[in-house]
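Visitor: I'd like to learn how to read a model like this one. Could you walk me through it?

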Amino acid sequence: MENNMTPSRAGKLDKIFGTPLFAVLLAIFCNVLWGCAFPFIKMGYRLFEIDPSNTASIFCFAGARFMLGSLLVLLGSTLLQSRMPTFPKGKVFAECCVLGLWQTTTQYAFYYIAVAMLTGAFGGILNSTQSFLGVIFAHFIYGNADRMTPAKTLGCAVGFVGVLIGTLGNHGGGSGWGVFCMLFATVVFTLSGPWNKSVTKKADSFAVCFLNLFVGGAALFVLGTALGGRLGSVTPLGILVLLYLAFICGAGYLLWALLMKNNPVSRIAIFGFVNPMVNVLLSAVLNGEPLFRWQYLAALVFVCVGIWLVNKAPAKKEEQ
């Protein structure tokens, strides 16, 4: 009886995540979560007394976060599917593990180093390039199924202008190495999207998410420990911040994977513009970075127009 019901439940879940309005709202929600990550990670460094130059301890902190996040994926599977994930076997299982080493270990090793070196404003503007890369790469990878249009091109340009305005005067500092790390992490994230989309069509989305986060997080933690890293002072507030970061990666990654599986990449990738906006605003509130209100009002207008242009009247071939 359970075997007959499972495909029906999975099909209903895919249908829900493939609904355009629902997909748009969830894409915005995911990027709001990820926009919270940068300032909360910097807060975590302070609470756990991790020196920004201590890469080993940074890896331990990141690894603990992603392993905790993977447990939330199991909880999500139980709530949404009424069962634990069905784990793949053989080559698909190995592919999920390799994806975890690429998307979680590689991406976040560089991302966490960049967070330690850059301000939230400057890091946010660099990280926003994923929005454009996602739309552009989708054109070349999927062709007519997710093609670039004049509206998308103009939308990307207008949206990026908005992000530039939003961070005007707040670029902060950061070494050349920090800039490279953030840009490299962004490229890895963007290239992971199509791969993730492919894998989730061959295996249970929840299983793919769990393996990605757990394998990638465990690799970071083991690497950090081997290099002599450790978490410093452990306080109740520090634990709360770590748990919230785990929620961000667990919930955000799972929702994003389901969105990538059931929608054209460009439909949801463009909402990465929301990420730096939240990032910079919270960096000002939580970490004392300066906030210029007129820039953000102007940025909001540009970003909304950019999002509208990218998503207006998509061609029939683009629909799934």
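Predicted model: local features only at pLDDT ≥ 70, side-chain atom pairs only at ≥ 80, totals over all residues.

Visitor: How many residues does the chain have, and what percentage count as buried?

Guide: Buried means under 20% relative accessible area, exposed over 50%, and partly exposed in between (1.4 Å probe, protein chains only). The chain has 320 residues, and 53% of them count as buried.

Visitor: Which residues have the most contacts inside the largest nonpolar core?

Guide: A nonpolar core is a set of buried Ala, Val, Leu, Ile, Met, Phe, Trp, Tyr and Cys residues joined through side-chain atoms within 4.5 Å. The largest one holds 79 residues, and those with the most contacts inside it are Ile-41, Tyr-45, Phe-61, Tyr-111, Tyr-112, Trp-256 and Leu-259. Helix 10 supplies the largest share of this core, 14 residues.

Visitor: Let's pick one of those. What does Tyr-112 touch, not counting residues up to four places away in sequence?

Guide: Contact means heavy atoms within 4.5 Å. By that rule Tyr-112 touches Ile-41, Tyr-45, Ile-58, Phe-61, Ala-62, Arg-65 and Phe-66.

Visitor: And at what angle do the axes of helix 2 and helix 4 cross?

Guide: Axes are lines fitted to C-alpha atoms, for helices over the stretch in contact, and angles run from 0 to 180 degrees between N-to-C directions. The axes of helix 2 and helix 4 (residues 90–117) come within 10 Å and cross at roughly 75°. Angles under 35 degrees count as roughly parallel, over 145 as roughly antiparallel, 65 to 115 as roughly perpendicular and the rest as oblique. Helix 2 and helix 4 are therefore roughly perpendicular to each other. Phe-38, Ile-41, Lys-42 and Tyr-45 of helix 2 meet Tyr-111, Tyr-112, Val-115 and Ala-116 of helix 4.

Visitor: How many residues of each class does the contact of helix 2 with helix 4 have?

Guide: Ala, Val, Leu, Ile, Met, Phe, Trp, Tyr, Cys and Pro count as nonpolar, Asp, Glu, Lys and Arg as charged, and the others, Gly among them, as polar. This contact has 7 nonpolar, no polar and 1 charged residues. Now try another pair: the axes of helix 8 and helix 10 come within 9 Å and cross at roughly 70°. The residues where helix 8 meets helix 10 divide into 6 nonpolar, 3 polar and 2 charged.

Visitor: Is Ser-192 buried or exposed?

Guide: Ser-192, in helix 8 (residues 176–200), is buried, with a relative accessible area of 0%. A polar atom of its side chain lies 2.6 Å from the backbone oxygen of Val-188. Leaving aside neighbours within four places in sequence, Ser-192 is in contact with Trp-102 and Gln-103.

Visitor: What about the loops?

Guide: Glu-49 sits in the loop between helix 2 (20–47) and helix 3 (55–81). Its relative accessible area is 59%, so Glu-49 is exposed. Phi of Glu-49 is near 55°, a positive value in a residue other than glycine. Gly-228, found in the loop between helix 9 (205–226) and helix 10 (236–262), is exposed too, at 57%.

Conventions: Residues numbered from 1 in each chain as written. Heavy atoms only, no water. Helix = DSSP H or I, 4+ residues; strand = E, 2+ residues; numbered from the N terminus. Polar contact = N/O pair within 3.5 Å; in protein donor to acceptor, adjacent residues only side chain to side chain.
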